[in-house]
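This report describes the helix packing and the nonpolar cores of one protein model.

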Amino acid sequence: MLDGKKSGTETFLVKVFAVVPLLALIAAIPIAWGWGLSWTDIALAASFYVVTGLGVTVGFHRYFTHGAFKAKRGLRVALAVAGSMAMQGPVIGWVADHRRHHAYADREGDPHSPWRFGTSAKALAKGFWYAHMGWLFQRDRTNAKRFAPDLLKDRAIRVVDRLFPLLTAATLLLPALLGGLISLSWWGALTAFFWASLVRVAALHHVTWSVNSICHMIGDRPFASRDKSANFWPLAVLSFGESWHNSHHADPTGARHGVRRGQIDISARVIWLFEKLHWVSHVRWPKPERLARKLATQPIQ
Ligand SMILES: [Zn+2]
Ligand SMILES: [Zn+2]
């Protein structure tokens, strides 16, 4: 299941990249109070949030991890690049961790279950932290040969995986460059770096991590499942549909997670659009009869 340990430098960098954007997010509130936020910053932050966020939800998650559709070569590489720019780790490791999560969801072997320390209030507080961020700082490396052999076989994906440090630099510097060029000022570059690089990365980090923490603790569980996955509606829009997490665990390869009436799922909309453009095919849209069978008919453990 595991494959060696991460190096000290690697875990140090994970800490830096997880904590610095978070500090920026906290600092953002007083800074926003009156100065240092322009419409350019907002537009850049929103654009980078959407592109990198969809890179993770449509690309890393629904496509690479679960094979919810087949994509043309160019789109396959583009999704790997866009997802890498979310600063959540290189694509192969991300996919290996997430496949391990589904294989052992909320049991021993799950890389980030909030239930690993027990069910008392104290154990759950510790578990929440662990599922949200703490697990990232562990040194165990998921065995990619076992969990992501398909990606290891693909040369282009291996190249994108190795370019992760460069893509991290790009995702941090591009907003600053664009902000500087649009405003023709160093100040514009600085505020764009603050909002569209640091704050944007932190916001997406916490939304993604909330799927691992909150969506395995709080919410509705309409579908029978052996794990504790739950649908948490308040995050549906910001997570691009990923917070319909109980539905996702019930039907992991499905292209749409918001399977019930009124459940907004922006990632599914984007896949639908890609299908209309003939960029993707063999989309696994949820089948009503399959879903009906899975609706909670057995008690959830
Ligand atoms: Zn899950
Ligand atoms: Zn999944």
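Axes are lines fitted to C-alpha atoms, for helices over the stretch in contact, and angles run from 0 to 180 degrees between N-to-C directions. The model is predicted: local features need pLDDT of at least 70, side-chain atom pairs count only at pLDDT 80 or more, and totals for chains, interfaces and linings use all residues. Residues are numbered from 1 along each chain as its sequence is written.

Helices are DSSP runs (H or I, at least four residues), numbered from the N terminus. H2 and H4 pack with their axes 10 Å apart, at an angle of about 60°. The two helices are therefore oblique to each other (angles under 35 degrees count as roughly parallel, over 145 as roughly antiparallel, 65 to 115 as roughly perpendicular and the rest as oblique). The residues in contact (C-beta atoms, placed from the backbone, within 7 Å) are as follows.

| Helix | Contact residues |
|---|---|
| H2 | Phe60, His61, Phe64, Thr65 |
| H4 | Val91, Trp94, Val95, His98, Arg99 |

A nonpolar core is a set of buried Ala, Val, Leu, Ile, Met, Phe, Trp, Tyr and Cys residues joined through C-beta atoms within 7 Å; buried requires 20 or more other C-beta atoms within 10 Å of the residue's own. In the largest core, of 60 residues, Val91, Val95 and Val199 touch the most other members. H10 gives the largest share of this core, 14 residues. Another core, of 6 residues, lies apart from it and includes Phe128, Tyr130, Ala131 and Leu136.

In H5, the buried residues are Gly127, Phe128, Tyr130, Ala131 and His132, and these pack against H10.

Notes
Chains lettered and ligands numbered in written order. Buried ≥ 20, exposed ≤ 12 C-beta atoms within 10 Å, placed from the backbone. Contact = placed C-beta atoms within 7 Å.
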